[in-house]
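Hi,

Here is the structure I promised to pass on to you.

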Amino acid sequence: HVSPDIEDAMHQLCQHPRTQKDLLAWYANETGVHFRKHVLPKLSSWQQPVPRAEAQSLLAKTIGLLGEAQEYYLREPLTFLEKPSDPTRVAAYQDFQIKTIERLHVRVRQSLPLSRLQDTMASLFYQQMKDSLRDNGNPEVCLKRKECQCSLDVEFLLLVRLRQIGLGGAQAERAFAQAMHSLLKKAAIERRCFQVDWSGQTTVMPMLRKWVEAYVTPFVNRSLAALTGNGAPTMSEMDAARFASIAVANLGRRRTATIFDYVKSWPASTSAFLDIQEYLACMPHDKVLVCDSFIKQAKTRLLHAGASTTEILSIYANVIHSFRLLDARGVLLEKVAHPLRSYLRGREDTVAIIAASFLADVGPDGTLINADAEKVCADISNEVSNSALNAMDNEHKTLRYDDMDWTPDPIDAGPDYKASKSEDVLAYVLGLFDPEDFIKEVTTVLAQHLLQASDPEYVKEIRLVELFKSRLDATKLQAAEVMLKDVHDSVSLNKRINPARDTTRAHTEPPTPREIQAGIPDEGTTLHSLYTRYEGRMKPAQFHAALKLVAIKRQDLYFAKRTRLPPEPPHTPIPAPTAPKDPLDFRVQVLSSFFWPQMRANGFALPPSFQEREESFQHAFARLGNQRKLHFRHALARVDLRLELEDRTVEQKDVPVWRASVINALASPDWETDHSETSETTAEQLISHLQMDEELVLDSLAFWTAERILYQPLPTSGLYAILERLDMDVPPANTQPLKTQDQKSPHDAGDALLSSALVTSQTSLLHANAPMFQAFIANMLRNGGPKEVGGMMGITGMLRMVLPAFTFGEAETAWLLEGMEGRGEVRRRGEEWSVV
C-alpha cells in the first residue's frame, strides 16, 4: 500500500531532474546487484557456443527469464501508476519508469555476448522462414501459374517479446537482416519455383522479382515493426529494389557456379543463360566473376588430355552461341574463348577434324551420315549445312566511312577484341588458325573427299568452296577451285569419250541456245538466277556468248529475243577408237597433279581388260587435243564387281582395285595353268605374280577371307583357295576368337589402308623429300651464312619461297636440322644454324 506521504515524496523526487537522476542511479545499482547475483548465473549457457538444435530452447529460456526479471524490477515503480493521480504526477512516474527500463535493457545487452546472441537469433529466424516457405507454398501450382505464391512467416510474438526485454533493437535488426540474406541466398532461390525452366526456355528472374515485391517486402515491413515498435514502417522503393537486386544476384551466382554444365547442354539450357543475362544486367560488375568461373571450370573439366578434340570443339561451338546470348558485343566471348582457342591450337588433330567436319554429310535430324564421331565434330557440320554464303566484312571495319551502323569498341573490351558483324560459329572456328595453314589442310581433306564422292554434280563441295571464298582469302583457294574443275571436267570427259554409257546426257551436256531462250520467262530474269540453272553444264564465258544470241538486256533483266534461231547441228560424239567387247564401264578422273596433294603411286599388275581400257582412254584423250600426259594411279581406282561361284553370286560395290586384282588373278585361267599342281596359293606367290606391295596383298586376302570368297584349308599353312561352295569351309563350333577392343576387323584395316592410299600424309611427304630439303639447307647455309629457323629470311621462309614442295612449318625444319646435326653436317649456336 502506497501512503500519501510516500506518494508525495516520490513526486518530489521525480519532478526535479537532479533528484530523479540520483534516484535512478540508486535504483539501477540496487537492481544491478540483484541481476548479477540472481539472474545472470542462470544465463551462463551464453558463454559457450550454442548448438543450432538448442538455439530455439535457449532463446525461449532467456526471454522468459529476462521477462520475469524485468517484471520484478518494475513492480514497485508501477505501483505509483495504479492509483489515479493528477496528470503531472503520472507524467513524472512514467518518465521514471521509461528510464528505468532503458537502463535495464542496457544492462541486459552488456551482460550477454552480443555477436553470439545475434547469430543465434539469425539462425532461429532463418529456420522459421525456411519452414514457412515449405509449409505455405506449392511449387507445382506456382509453376503452372508462372507466379510464385509461397509466403514468408515468423513467430511475431517472439519478435515482440525480444523488443520488450531489450533484445529487439539494432542487434535484432542485424540478426533479421542476416537471416534474410541467408534466405535469399539459399532457401528462397533453391526452391522448385525458381529452378531452370528447361521446358519453357524462359527466364525466371521476372517471377523472382515479382515474388520479392509481393511477399518479401511486406513481410520485412511487418517484422521490422514488431522488432522496433514503430508501428508499420514502409520500406522505400529504393530499399525494395535493392532486395530484388540481391535476390537476382544470388540466383545469378548460383547459375554461374554450374555454368559449364549449362554450356554443355546448350541449347536446352537457354533459360539458364537468360537468367545469367538478367543477373549481369542487374550486376554489371560481376561479368568478371562469370568469365573467371567458366574459365576455371573449363580448365578443370575440359582442357586436359582426357577430353577428345571433337568434344572440345563441340563445347567451343556451344560457348560461342551461349556467350553471344549473354553479350551480343562479344566482349565476354573473347575473354572465355581465349583459353579454349589456345588449347585447341596446341592439338595436332584440330585442323584435320575441323576440315573433315566442313565436308561431313549431315542428316535431316542433325546426325552425321557415314562419319566417324571421333574425327568429325557434328556441331560444326550442322553449322556448315545451315550457314549462309555471306562474306565476312569484319576486316578493316573501322576504315569503312560509309558504315552508318558503326559503333566504337566497348570500354571493357580487351586488347585482342575484334568487333565482328558475323555471329555464327564458322567465323570463330575459321579464326582459330592461320588461314594459310587451314587452307592447306582443307585442300588435303577436300581432295580425299572428291576422290570418294558419289554425287556427280558435286553440289556440296561447290557450296563449301564458295563458303570458304566468302570467309577466307579467295586468292589462296586456287587449288580447291582447280580440283573442283578437274572432277567436273572428268564427268563430261567420260561422257564424250564413252557416250554409250551416258544415261544422264540431257542433264549434263552444255545447253543449246534454243534451250536457254526457252528458259527465259516473259517477265524477264536476272543473269545470276538464269545461270544457276546451267552452272554445272557450261562455263560462264560460254553462257554469256550464248545469252547474247537469244536475249536482250533491259536495265538489270534479260528478256528473250523474238527472232528465229538457225537450226542446230546434230550432236556427234567422238567415238572410242577401240570398243572392248566386255561390259566393263570404265571411267577416269583426270586430275592436275600440280594442284592436287601428292598421292601414292602403288604400282601393280591390273586385269587385262583394265589395261586395254587405259590404252583406249589415252588414245581418245589425245584425239581431243589435250597436251597433258596421263599417269594412272592404280592405288586410287575403285570397282564394282560380281563374283559367280558354284552355289552363289556375290556383288561388291566400291572395292579398291588391288582387291579386285588379287581375286581376278586367282580366278583367271592363266593362274590355273601356271599353278596346275595345286589350286591353293600363298601371299608370296601373289606378290611375285602381281608385282604388288605386301601390305596390299595381305589386305586383299584378309578382306576376301572375311567375305567368305577365299578360305584357308589349313589355317596355319598360309595357303588360300577360292571358296566355291560354302560347305567346303565349316568352322568348328565355339572356336571363333573374341574380338577385343584393341583388335580391328579386316574391314577396318582395309578402310584405314584405303584412306592412307588416297593422299600421301604430310609426314610421309616430309620423310620422302627430306634428302632434297636437307641438301638445299646445306647449300643455303654454306653460301648465305648462319641463319635462324624462323623469320622472313630464316631457313623456313627461304625453303617456302624457293621450293614449292616445302609446305611445312618451323617444327619440321627443326627436325630436318636435327637430322643433319646428328650426321655432323650442321651445328647450332644459340638460335642460329651453320654448316660445320
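This is a predicted model: local features need pLDDT of at least 70, side-chain atom pairs count only at pLDDT 80 or more; totals for chains, interfaces and linings use all residues.

The chain runs to 836 residues, and 42% of them are buried. It has 35 helices along with 11 strands. If you take the contacts between residues at least 6 apart in sequence, 71% of them link residues at least 24 apart.

Next, the helix pair. Helix H3 (residues 55–73) packs against helix H6 (residues 114–136) at an angle of about 115°, and their axes are 9 Å apart. The crossing of these two helices is left-handed. On the H3 side you will find Ala55, Gln56 and Leu59, which meet Leu117, Thr120, Met121 and Leu124 of H6. Sorted by class, this contact has 5 nonpolar and 2 polar residues, and no charged ones.

Finally, a residue to look up in the viewer: Asp556. You will find Asp556 in the loop that lies between strand E3 (551–554) and strand E4 (557–560). Is Asp556 buried or exposed? Its relative accessible area is 61%, so Asp556 counts as exposed, the cut-off being over 50%. Apart from neighbours within four places in sequence, Asp556 is in contact with Thr525 and Thr526. From Asp556 to Thr525 there are 31 residues in sequence, while their C-alpha atoms are 8.3 Å apart in space.

Terms used:
Residues are numbered from 1 along each chain as its sequence is written. Side-chain values use heavy atoms; hydrogens and water are left out. Helices (H or I, at least four residues) and strands (E, at least two) are DSSP runs, numbered from the N terminus. Buried means under 20% relative accessible area, exposed over 50%, partly exposed in between (1.4 Å probe, protein chains only). Contact means heavy atoms within 4.5 Å. Axes are lines fitted to C-alpha atoms, for helices over the stretch in contact, and angles run from 0 to 180 degrees between N-to-C directions. A crossing is left-handed if the near helix is turned anticlockwise from the far one by less than a right angle, and right-handed if clockwise. Ala, Val, Leu, Ile, Met, Phe, Trp, Tyr, Cys and Pro count as nonpolar, Asp, Glu, Lys and Arg as charged, and the others, Gly among them, as polar.
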